[in-house]
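This briefing is intended to be read beside the sequence and the three-dimensional view.

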Amino acid sequence: MKSNQLSGGLVYSTDSGRMCPGCRQPAGQCQCGAKQAVPAGDGVVRVSRESKGRGGKAVTLVKGVALDAMALQQLGKQLKTACGSGGTVKDGVIEVQGDHCERVIELLRAQRHVVKRAGG
């Protein structure tokens, strides 16, 4: 029964968001070192527009940025501010509300990222 208790547990809380599986603290306050590693990619940031599953509303997606969670949050905030819209950062993907692909590509290139337009 103890092994069941250790393997299960709270994954998400409406009060604090995602929870760390190691120390059971909110992901932003994790102290155990079990933080997610930066995903290894090919070094190319891909910017695309998506509207499926969003009630027909367009969202600009930024994938493949090789930054840690805090730096990714900061970059997401910069992009949302520059575009004058809302958005979020989920699972290593920055989502900016609206069709802002061209502006996001310009901003990322200005920060010396290798950027490609993905999708149609």
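The model is a predicted one.

- The buried residues of helix 2 are Leu72, Leu75, Gly76, Leu79 and Cys83.
- Glycine 84 follows helix 2 and has a positive phi, near 70°.

**Strand 4 and its partners**

- Four of the five residues of strand 4 are buried, so this strand is mostly covered.
- Strand 4 pairs with strand 3 in the antiparallel sense, over five bridges.
- In this pairing, leucine 61 of strand 4 has serine 48 opposite it.
- Strand 4 also runs antiparallel to strand 6, and four bridges join the two.
- Here leucine 61 stands opposite glutamate 95 of strand 6.

**The largest nonpolar core**

- The largest nonpolar core has 16 residues, and those touching the most other members are Val47, Val62, Leu79, Ile94, Val104 and Leu108.
- Two or more residues of this core come from each of strand 3 (45-50), helix 2 (69-83), strand 6 (93-97) and helix 3 (101-110).
- Which residues does valine 62 touch, not counting residues up to four places away in sequence? They are Val45, Arg46, Val47, Leu79, Gly92, Val93, Ile94, Val104 and Leu108.

**Isoleucine 105**

- Isoleucine 105 belongs to helix 3.
- Is isoleucine 105 buried or exposed? Its relative accessibility is 6%, and the limit for a buried residue is under 20%, so isoleucine 105 counts as buried.
- Not counting residues up to four places away in sequence, isoleucine 105 touches Val47, Val115 and Arg117.
- Isoleucine 105 and valine 62 are 43 residues apart along the chain, and their C-alpha atoms are separated by 9.2 Å.

**Salt bridges**

- Side chains of opposite charge can pair when their charged atoms come close.
- The model has four salt bridges by the rule applied here.
- One of them joins aspartate 99 to arginine 49, with the closest N and O atoms 3.5 Å apart.
- This pair links distant parts of the chain, 50 residues apart: aspartate 99 is in the loop between strand 6 and helix 3, while arginine 49 is in strand 3.
- Aspartate 99 is partly exposed at 47% relative accessible area, and arginine 49 is likewise partly exposed at 43%.
- Glutamate 102 forms a salt bridge with arginine 117, and their closest N and O atoms are 3.0 Å apart.
- This bridge also links distant parts of the chain, from glutamate 102 in helix 3 to arginine 117 in strand 7 (residues 115-117), 15 residues apart.
- Arginine 117 has a relative accessible area of 37% and is partly exposed.
- Salt bridges that share partners join Glu50, Arg54 and Glu95 into one network.

**Glutamate 95 and arginine 54**

- Arginine 54 and glutamate 95 meet through their side chains in a salt bridge of 3.7 Å, N to O.
- The two residues are 41 places apart and link distant parts of the chain: arginine 54 is in the loop between strand 3 and strand 4 (59-63), and glutamate 95 is in strand 6.
- Why does arginine 54 count as partly exposed? Its relative accessible area is 26%, which falls between the limits of 20% and 50%.
- Glutamate 95 has a relative accessible area of 14% and is therefore buried.
- Leaving aside neighbours within four places in sequence, glutamate 95 is in contact with Arg54, Val59, Thr60, Leu61, Gly86, Gly87, Thr88 and Lys90.

Terms used
Residues numbered from 1 in each chain as written. Predicted model: local features only at pLDDT ≥ 70, side-chain atom pairs only at ≥ 80, totals over all residues. Heavy atoms only, no water. Core = buried A, V, L, I, M, F, W, Y, C linked by side-chain atoms within 4.5 Å. Buried < 20%, exposed > 50% of the residue type's maximum accessible area, 1.4 Å probe, protein only. Contact = heavy atoms within 4.5 Å. Pairing = 2+ DSSP bridges.
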